[in-house]
Amino acid sequence: MFSRLRGLRKLLAHRPDEAPVARPPVRQHNIFEAAAVYVSGCAEDDQEQVDEAVTWVSPEALSFGVSELACRAVIALARERDESPQTVARSLLGLPAA
């Protein structure tokens, strides 16, 4: 009797006629997008934006992206100001000229 109930329970639990639930594909963010959102969130003091960006990629990848963004920003500012990247970086950090 109990074995029949177990068999019936298994049969009722498995319903192959039901269509699988279609989930929208999860959008993958790349490290540069995460870095841009993270840094702009820090600059704008938007903790929600920072928290969201942190979940998109690994901490190592985010660190690399932020570093790459910093390098590109310093190079762009150096060209704009017609100064060396070292001078611009030190200026941005409030350090005296070397």
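What follows is a set of questions and answers about the terms used for this model.

Q: What kind of model is this, and how are its residues numbered?
A: This is a predicted model, where local features need pLDDT of at least 70 and side-chain atom pairs count only at pLDDT 80 or more, while totals for chains, interfaces and linings use all residues. Residues are numbered from 1 along each chain as its sequence is written, and side-chain values use heavy atoms, with hydrogens and water left out.

Q: How many helices and strands does the chain have?
A: The chain has five helices and zero strands, and from the N terminus on the elements run α-α-α-α-α. Helices here are DSSP runs of H or I with at least four residues, strands are runs of E with at least two, and the numbering starts at the N terminus.

Q: What makes helix 2 and helix 4 roughly perpendicular?
A: Start with their angle: helix 2 (residues 31-43) and helix 4 (residues 59-81) pack at about 70 degrees, with their axes 8 Å apart. Axes are lines fitted to C-alpha atoms, for helices over the stretch in contact, and angles run from 0 to 180 degrees between N-to-C directions. Under 35 degrees counts as roughly parallel, over 145 as roughly antiparallel, 65 to 115 as roughly perpendicular and the rest as oblique. Helix 2 and helix 4 are therefore roughly perpendicular to each other.

Q: Which residues of helix 2 and helix 4 meet?
A: On the helix 2 side there are Ile31, Phe32, Ala34, Ala35, Ala36, Tyr38 and Val39, and they meet Ala61, Leu62, Phe64, Gly65, Val66, Glu68 and Leu69 in helix 4. Contact means heavy atoms within 4.5 Å. By class, this helix 2 and helix 4 contact has 12 nonpolar, one polar and one charged residues. In that sorting, Ala, Val, Leu, Ile, Met, Phe, Trp, Tyr, Cys and Pro count as nonpolar, Asp, Glu, Lys and Arg as charged, and the others, Gly among them, as polar.

Q: What is the angle between helix 4 and helix 5, and what does that make them?
A: Helix 4 and helix 5 pack at about 110 degrees, again with axes 8 Å apart. That makes helix 4 roughly perpendicular to helix 5. Val74, Leu77, Ala78 and Arg81 in helix 4 meet Pro85, Val88, Ala89, Ser91 and Leu92 in helix 5. Sorted by class, this contact has seven nonpolar, one polar and one charged residues.

Q: Why is the pair of phenylalanine 32 and phenylalanine 64 called tilted?
A: The structure holds one aromatic pair. The ring centres of phenylalanine 32 and phenylalanine 64 are 6.3 Å apart and their planes are at 55 degrees, so the pair is tilted. The rule is that rings of Phe, Tyr and Trp (its six-membered ring) pair if their centres lie within 6.5 Å, with planes under 30 degrees apart called stacked, over 60 edge-to-face and the rest tilted. Phenylalanine 32 lies in helix 2 and phenylalanine 64 in helix 4, so the pair ties together parts that are 32 residues apart in sequence.

Q: How do you know that the charged end of arginine 72 sits over the ring of phenylalanine 32?
A: The charged end of arginine 72 is 5.4 Å from the centre of that ring. A charge sits over a ring if NZ of Lys or CZ of Arg is within 6 Å of the ring centre and within 35 degrees of the ring normal.

Q: Are phenylalanine 32 and aspartate 45 partly exposed or exposed?
A: Phenylalanine 32 has 38% relative accessibility, so it counts as partly exposed. Aspartate 45 has a relative accessible area of 70%, so aspartate 45 is exposed. Buried means under 20% relative accessible area, exposed over 50% and partly exposed in between (1.4 Å probe, protein chains only). Of the 98 residues of the chain, 16% count as buried.

Q: What makes phi of aspartate 45 and aspartate 82 worth a look?
A: Most residues other than glycine have a negative phi. Phi of aspartate 45 is near 55 degrees, a positive value, and phi of aspartate 82 is near 55 degrees, also positive. Aspartate 45 is in the loop between helix 2 and helix 3 (47-56), and aspartate 82 is in the loop between helix 4 and helix 5 (85-92).
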